Amino acid sequence: MNSPLSFSALDTSFMQIALACAKYGAKLGEVPVGAVLVYQNNIIATGYNQPILSKNATSHAEMVAIWHACQHFNNYRLPQGCELFVTLEPCTMCLGAMIHARVSRLVFATAEPRAGMLISQQNFATKNFYNHTLQVEHGLLANNSRELLQDFFRQKRLTQKENRQQKAKS
């Protein structure tokens, strides 16, 4: 896995767009995770977390971007060379979708200590029982993503506390 020093300016631009997607999702009340799927240095699809809005547990940012990219290519498998930029380490479901869709390269910003399946809990990308492997790199704009997530959950806890206090006064 590459260190943050080995990322290109274009990689950084794609991750900044993923962060913008995450911020958009946060404004809608979703956990701020964003994804950008790229092919031949062109953005094919974007996504942000939306399981609450869509009432669909599978609507993670990565899944949304992969779905749109598959629609774009009119195929359930993506062409060789597709890259996915995600602001948070993927969960098991999202990593599985990346493998099945044949994503070639995954770049994620920050670790997900509770459910991350690449560096935090397991490294499923290195398992030899899959019929596809993907290149995995992490750490690009990690602090930006981590701060976005921390601010979101800090604000959510504060709002919940204020709501409890309001109810107690009633």
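Trainee: Which residue is the bridge partner of Glu83 in S4?

Mentor: In S4, Glu83 has Arg105 as its bridge partner. This is a predicted model, in which local features need pLDDT of at least 70 and side-chain atom pairs count only at pLDDT 80 or more, while totals for chains, interfaces and linings use all residues. Residues are numbered from 1 along each chain as its sequence is written, and side-chain values use heavy atoms, with hydrogens and water left out.

Trainee: What makes strand S3 and strand S4 a pair?

Mentor: Two strands pair if DSSP finds at least two bridges between them; strands are DSSP runs (E, at least two residues) and helices likewise (H or I, at least four), numbered from the N terminus. Strand S3 (residues 83-88) and strand S4 (residues 105-110) have five bridges, in the parallel sense, and therefore meet the definition.

Trainee: Why is Tyr48 called buried, and Tyr24 partly exposed?

Mentor: Buried means under 20% relative accessible area, exposed over 50%, and partly exposed in between (1.4 Å probe, protein chains only). Tyr48, at 18%, is therefore buried, whereas Tyr24, at 45%, counts as partly exposed.

Trainee: Why is the pair of Tyr24 and Tyr48 called edge-to-face?

Mentor: Rings of Phe, Tyr and Trp (its six-membered ring) pair if their centres lie within 6.5 Å; planes under 30 degrees apart count as stacked, over 60 as edge-to-face and the rest as tilted. The centres of Tyr24 and Tyr48 are 5.1 Å apart and the planes are at 80 degrees, so the pair is edge-to-face. Tyr24 lies in helix H1 (residues 9-27) and Tyr48 in strand S2, so the pair ties together parts that are 24 residues apart in sequence.

Trainee: What makes the pair of Phe129 and Tyr130 tilted?

Mentor: Their ring centres are 4.7 Å apart and their planes stand at 50 degrees, so this pair is tilted. Phe129 is exposed, with a relative accessible area of 57%, and Tyr130, at 25%, counts as partly exposed.

Trainee: With which residues is Ile66 in contact, leaving aside its neighbours within four places in sequence?

Mentor: Ile66 is in contact (heavy atoms within 4.5 Å) with Leu37, Leu84, Ala97, Met98 and Ala101.
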